[in-house]
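Student: I am new to this structure. Can you take me through the terms used to describe it?

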Amino acid sequence: MKTSKLAYRPVGLALGFAGGALARTAFNQIWKWAGHDDDAPDAMDEERAWREILLAAALQGAVFAVVKAAVDRAGATSVRRLTGTWPG
């Protein structure tokens, strides 16, 4: 296994945890900013409409995807700076 792959594993794991927390915080802030309740609905929330539940799910998925891409790219760039090769 290449050195860059081995170096990326712990970096990717740590950044993944941090990215998940960041994405959750960002989603909650965006949800509040959009004028909705403090808590986003989940699929089993009986008192919320389909539209609100699906909107929350789509927004949450988009936020998590963007944060994951940014975190993965930043981690790979950091590993390349340290090792001189791109992990992959």
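Tutor: Begin with the radius of gyration, which is taken over C-alpha atoms; the globule rule is 2.2 Å times the number of residues to the power 0.38. The model is predicted: local features need pLDDT of at least 70 and side-chain atom pairs 80 or more, while totals for chains, interfaces and linings use all residues. Residues are numbered from 1 along each chain as its sequence is written, and side-chain values use heavy atoms, without hydrogens and water.

Student: How do you know what the chain's radius of gyration is set against?

Tutor: A compact globule of 88 residues would have a value near 12 Å, but the chain has 17 Å. Along its principal axes the C-alpha trace spans about 50 × 25 × 15 Å.

Student: What makes a stretch count as a helix, and how many helices are there?

Tutor: A helix is a DSSP run of H or I with at least four residues, and a strand is a run of E with at least two. The chain has 2 helices and 0 strands.

Student: Why is a set of residues called a nonpolar core?

Tutor: Its members are buried Ala, Val, Leu, Ile, Met, Phe, Trp, Tyr and Cys residues joined through side-chain atoms within 4.5 Å; buried means under 20% relative accessible area with a 1.4 Å probe, protein chains only. Here the largest such core has 7 residues: A23, F27, W31, A56, V63, V67 and V71.

Student: Which residues does V71 touch?

Tutor: Contact means heavy atoms within 4.5 Å. Leaving aside residues up to four places away in sequence, V71 touches L15, G16 and G19.

Technical notes:
Buried means under 20% relative accessible area, exposed over 50%, partly exposed in between (1.4 Å probe, protein chains only).
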